[in-house]
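Let's take a look at the pockets in this protein: what lines them, and which parts of the chain supply the lining.

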Amino acid sequence: MDFINRSTEEIATDLLGVRIIHETKDTTYTGYIVETEAYIGKHDQAAHSFKGKRTKSVQSLYREGGTIYAHSMHKQLLINFVTQVEGEPQGVLIRAIEPEYGIEQMEINRNGRTSIELTNGPGKFTQAMNISKSLDGTKLNAGRLKIDTTNRKFPKSVDLSARIGVPNKGEWTDKPLRFTVAGHPYISKARKRDSIPCKDTWK
């Protein structure tokens, strides 16, 4: 997947349906990405790199597209895929997945949570897949965290909306930079009446 030669918004859209794989010593976890958010770098008030912020914790954002940026928020681990050329700190937050393999162990990792509660949020899916912060700064597909763009799915429709949890960020609060597989039940904060069976959301 090209993480450099197209816009971060295009990448965030194209990641919907991509198979994500995390390999641990005991279990291989897989699922399909159903929700992403784009963060557009130094001028995006909601981005960790706003105004060129470059603390130790955000260094990975400044690396070449395809790097993993892992950070903690509210005791949860969030995973972003860095986009653009080195020094242009943009990225895509992976917000939710439809689980595929390793579900029984995911339920254990999530302390007994099941069904959509398993992976319908950015900190939920990382806990379910047993992803650690040690991946920060590593390259996708070079280690334990991989994406499979061959054996992927394609959404029937994609919805755009404002990102979640970014109040008081001026015009950036309402920009439609959240991308979701339309009607998918594993989308974070999905309303039951708006959800349809997983199989019906894919082409």
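A quick word on the classes used below: Ala, Val, Leu, Ile, Met, Phe, Trp, Tyr, Cys and Pro count as nonpolar, Asp, Glu, Lys and Arg as charged, and the others, Gly among them, as polar. With that sorting, the lining of the largest pocket comes out as 14 nonpolar, 14 polar and six charged residues. Bear in mind that this is a predicted model.

The largest pocket has a volume of about 660 Å³. It has 34 lining residues, and those closest to its centre are Met 73, Leu 78, Leu 93, Arg 95 and Ile 164. Where does the lining come from? At least two residues each are supplied by strands E2 (28-39), E3 (68-73), E4 (76-83) and E5 (90-99), and by helix H3 (122-128). E5 gives the most, with five residues.

Now for the second largest pocket, with a volume of about 220 Å³. Its lining is made of 15 residues, and nearest its centre you'll find Asp 159, Thr 180, Ile 187, Ala 190 and Asp 194. Two strands, E7 (158-161) and E8 (178-181), are the elements that give two or more residues to this lining. E8 gives the most here, with three residues.

Here is how the two linings divide by class:

Terms used:
Residues numbered from 1 in each chain as written. Predicted model: local features only at pLDDT ≥ 70, side-chain atom pairs only at ≥ 80, totals over all residues. Heavy atoms only, no water. 1 Å grid on protein atoms, 1.4 Å probe; cavity = no way out; pocket = protein on both sides within 12 Å on 5 of 7 lines; lining within 4 Å. Points joined across faces, edges and corners; volume = space filled by probe spheres on them. Helix = DSSP H or I, 4+ residues; strand = E, 2+ residues; numbered from the N terminus.
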